[in-house]
Amino acid sequence: MKLKDTGLTKEQLIQDANTYMMELAARFDLVAETSKGMNIFDENGEEYLDFYAGIAVNSAGNSNEKVVEAIIEQAKDTLHVSNYPYSIPMVVLAKLICESIGMDKIFFQNSGTEANEAMIKMARKWGIEKYGEEHYHIVTAKQSFHGRSYGAMSATGQPDNGCQLNLKPMLPGFTYADFNDLDSFKSACTKDTVAIMVEPVQGEGGVYPATKEFLQGLRELCDERDMLLLFDEVQTGWGRLGTLMGYMSYDVKPDALSMAKAMGGGLPIGAVCANERANQAFTPGCHGSTFGGNPVCCAAAIAEIKEIIERDLPANAAKMGEYFMELCKSLPGVKEVRGKGLLMGVEYEQPIAMEVKHQCFDHKLLITAVSGNIIRMVPPLIVTKEDCDKAFAILKEATEAAM
Ligand SMILES: Cc1ncc(COP(=O)(O)O)c(C=O)c1O
């Protein structure tokens, strides 16, 4: 839909948004009318360089042509049938994902939060059925982010942050341990612990990559104590870290993982994938979803995942991530440049991240800030060296202006 088709001006549209919409997010002052590749365009055709990808979603580029074609073709066949019959895109996608990432089973959901919710339910049911009704405790990491439903929110190790504020009580059965500290995880485990759940790189929590020793240590710990290792790959999956799944960068395989964001190429879809061991618990009737496995979303996901694999976008993510992060090290006032692949963060010494984000916006570069001191950049995985150079020039100017 174009703004001119509504008969509204930009100001009127924003006024209607303010009048009718619950205000839960700080928006860019941008009417995002169309998008293509590395760019988003406003109602006047003004171009913005996209270094946030709809929050780490549009990996094969904004409105990727093959994804759009797949959506149109599938929409002509059927829009929705639920999980009751076999829908063709759902089964084709299940096989494509399980075979390309080496997992046994998949269940489709509509978002990352739901995928994590399913994974938490799977782990609890696995523990209770194997060891008894007290066995549902899960250790997650401080500063983690797993979503906003009560299960996913309770797993999120940010008790003092806005996302849990005045929403207590959280679901019992979660303990938060220090990320990248194996001893902290070991001591947080009790006799009732059934699983450990972490992100390979903490995204929302400030862009903190796990070390290889940490994730490998967690794998050993889970094997020794017969617990499940769960990875939240909602943000790290599908090429962003430089490998198809984040865990492949670490040579550590989880028992189950969640995915969403990039997998649908812009349509809402998520999933939990598991090996046979973890999947034992997921028996008919214990979980479900009306829209999970929706044919249009699955058709989009097939096209997006094929683009990611066939164009080897993970390799580009690794190369461009290294290039851009090296550039960022020369920015003034930087405390640390962190990340892996194209999940990148710059931590400043002073709380200027919000101002840097605003300055970048004024120069038509879209980035996000995850806290007062940290900016996060997650461009589409098709980003080129020229895009990186252009973004860096703006970022440098923005940083200088914000200091
Ligand atoms: C690691 C991680 N898990 C879960 C979620 C929640 O995903 P969604 O917003 O699709 O529900 C996010 C969203 O940012 C995320 O980064």
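Author: Helices (H or I, at least four residues) and strands (E, at least two) are DSSP runs, numbered from the N terminus. Helix 6, residues 112–131, gives the most to the shell around the ligand, contributing 3 residues. The model is a predicted one, in which local features need pLDDT of at least 70 and side-chain atom pairs count only at pLDDT 80 or more, while totals for chains, interfaces and linings use all residues. Residues are numbered from 1 along each chain as its sequence is written.

A residue is near a molecule or strand if its C-beta atom, placed from the backbone, lies within 6 Å of it. Around the ligand there are 15 residues, of which Ser 111, Gly 112, Thr 113, Val 234 and Gln 235 come nearest. For the classes, Ala, Val, Leu, Ile, Met, Phe, Trp, Tyr, Cys and Pro count as nonpolar, Asp, Glu, Lys and Arg as charged, and the others, Gly among them, as polar. Sorted in this way, the shell around the ligand has 8 polar, 4 nonpolar and 3 charged residues.

Two strands pair if DSSP finds at least two bridges between them. Seen in these terms, 7 strands form an open sheet in the order 4-12-11-10-7-5-6, and the pairing is mixed. Strand 4 (105–109) and strand 6 (174–177) are its edge strands, each of them pairing on one side only. Axes are lines fitted to C-alpha atoms, for helices over the stretch in contact, and angles run from 0 to 180 degrees between N-to-C directions. With direction ignored, neighbouring strands of this sheet are turned by 20 degrees against each other on average. Strand 10 (residues 228–232) and strand 11 (residues 256–259) pair in the parallel sense over 3 bridges, and Asp 232 has Ser 258 in strand 11 as its bridge partner.

Two residues are in contact if their C-beta atoms, placed from the backbone, lie within 7 Å. Helix 5, residues 88–101, packs on the sheet and touches strand 4 and strand 12 (270–274), its direction making about 130 degrees with that of strand 4. Helix 6 also packs on the sheet, where it touches strand 4, strand 5 (137–141), strand 7 (193–198), strand 10, strand 11 and strand 12, and its direction makes about 30 degrees with that of strand 12.

Strand 16 is joined to strand 17 (residues 374–377) by 3 bridges, the two running antiparallel, and Ser 371 stands opposite Ile 374 in strand 17.

The axes of helix 13 and helix 14 (residues 385–402) come within 8 Å and cross at roughly 130 degrees. Angles under 35 degrees count as roughly parallel, over 145 as roughly antiparallel, 65 to 115 as roughly perpendicular and the rest as oblique, and helix 13 and helix 14 are therefore oblique to each other. A crossing is left-handed if the near helix is turned anticlockwise from the far one by less than a right angle, and right-handed if clockwise; helix 13 passes helix 14 in a right-handed crossing. Glu 355, Val 356, Gln 359 and Cys 360 of helix 13 make the contact with Ile 394, Leu 395, Ala 398, Thr 399, Ala 401 and Ala 402 of helix 14. By class, the residues of this contact divide into 7 nonpolar, 2 polar and 1 charged.

The axes of helix 12 and helix 14 come within 10 Å and cross at roughly 25 degrees, and these two helices are therefore roughly parallel to each other. Their crossing is right-handed. In helix 12, Met 320, Tyr 323, Phe 324 and Leu 327 meet Lys 385, Cys 388 and Phe 392 in helix 14, a contact with 6 nonpolar residues, no polar ones and 1 charged.
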